[in-house]
Amino acid sequence: MNEQQNNPEQISSGSVAVQKAPPRPPGQGLIAALQRPLPLAVAILALLLAVQTWSSHSRINTLRRDMAQSLQKGNAVNAETAALAREVSDTAKELQIKVGVLESRQSEAQTQQLALEQLYQDLSKNRDEWALTEVEQVLNTASQQLQLAGNVQGALIALQNADRSLGRSDKPQFLNIRRAIGADIERLKALPAVDLAGVALRLDNVIAQVDTLPMLSDEKPLLPAAPVRSTRGQAGKGAEPAPENLGLGQRMIQTWRNWSQEMWDDVRQLVRVRSVETPEALMLSPTESFFVRENLKLRLLNARLALLSRNETAFRDDLASSQEILLKYFDTRSRATQSAQGALRQVQANNLTIEMPTLSESLNAVRNYKAKQ
């Protein structure tokens, strides 16, 4: 009894004693549970799902960043186009002002012509004075056309008409005047000819071709070509033997060669390698491509306006910007693009910085003669 009271964990039942098993450590129960097949599979599946979730989240974040960059580039292109549109609008306003000035000069010339006609009637009795007045008016008109519009041919025709008008009088008093007119004629003939109309027509042709020029972002993948079966190792060996004449090993080798050749042909049609200096040009959306074409048109139109107004700096800058746009966003391997680049290079070769001479020598000769009378 004393031993049973001192050791309560032992219970005697006849001659058999029952003792409690010692408790297991906490970690060993979890390890034993994981060693079973079903919990282990569930744990591996949960781990794979977690990895897949993390990978999908990373891809979604990458796509969001790419979309944000594309939107930023689109906004930058739109802002540049809007700035160019404002610049063209300002240039158009300046040209309108110049046109207004030219119209006022033209109205003044018409007024002078009316006054000259009246003067013709008043001075009909004096043919010499009438001829000098006509020559002076023609020289004034030619000088205005030469300085305002750079019309060298018009000024040259006016000087030649004035010389013929003085030549019909056949008087030695007009020799000094004709000598001065002849010097001005030679000076005008020595000027380099600039075909402004021809240059403007070339720019118009390039502008008309902008919508049809192929862009890098417009390029479509090539259609797969028919596979060409090579006959490696069989050249000079005659025709290929029939399959029924081959052994099992030779058939397997021939089947493997045919299969590998077909797979190589398919892979070669799928993979295309190109070297592009501006990778962002390949990622333009249709809207961005439209704005790039419109931007190129605005640049060319601005160059045309600068050409007609003889603004050498703006003309050169706009042509250089147009060449950069063609080189950056358009497929320079295309014949149409190469033709447009060649036309712009020919336009750039023209020199607009030609200092127009004045007809002051002829005008002074006529005025001095009239002052002596």
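Predicted model: local features only at pLDDT ≥ 70, side-chain atom pairs only at ≥ 80, totals over all residues.
User: Why is L40 called partly exposed?
Analyst: The relative accessible area of L40 is 41%. Buried means under 20% and exposed means over 50%, so a value in between is called partly exposed.

User: Where is L40 in the chain?
Analyst: L40 lies in helix α3, which covers residues 37–122. The chain has 12 helices and two strands, in the order α-β-β-α-α-α-α-α-α-α-α-α-α-α.

User: What makes a group of residues a nonpolar core?
Analyst: The members are buried nonpolar residues joined through side-chain atoms within 4.5 Å. The largest such core here has 26 residues, and L203, L300, F315 and F330 touch the most other members. Helices α7, α9, α10 and α11 each supply at least two residues of this core. A second, separate core has 23 residues, including A158, L159, A180 and L188.

User: Which residues does L203 contact, leaving aside neighbours within four places in sequence?
Analyst: Among them are L300, F315, L319 and L344. Contact means heavy atoms within 4.5 Å, so each of these residues meets that cut-off with L203.

User: How much of the chain counts as buried?
Analyst: Of the 373 residues, 26% count as buried. The chain exposes about 26200 Å², and carbon and sulfur atoms supply 57% of that area.

Key. Residues numbered from 1 in each chain as written. Heavy atoms only, no water. Helix = DSSP H or I, 4+ residues; strand = E, 2+ residues; numbered from the N terminus. Buried < 20%, exposed > 50% of the residue type's maximum accessible area, 1.4 Å probe, protein only. Areas by Shrake-Rupley, 256 points an atom, 1.4 Å probe, with all protein chains shown as cover.
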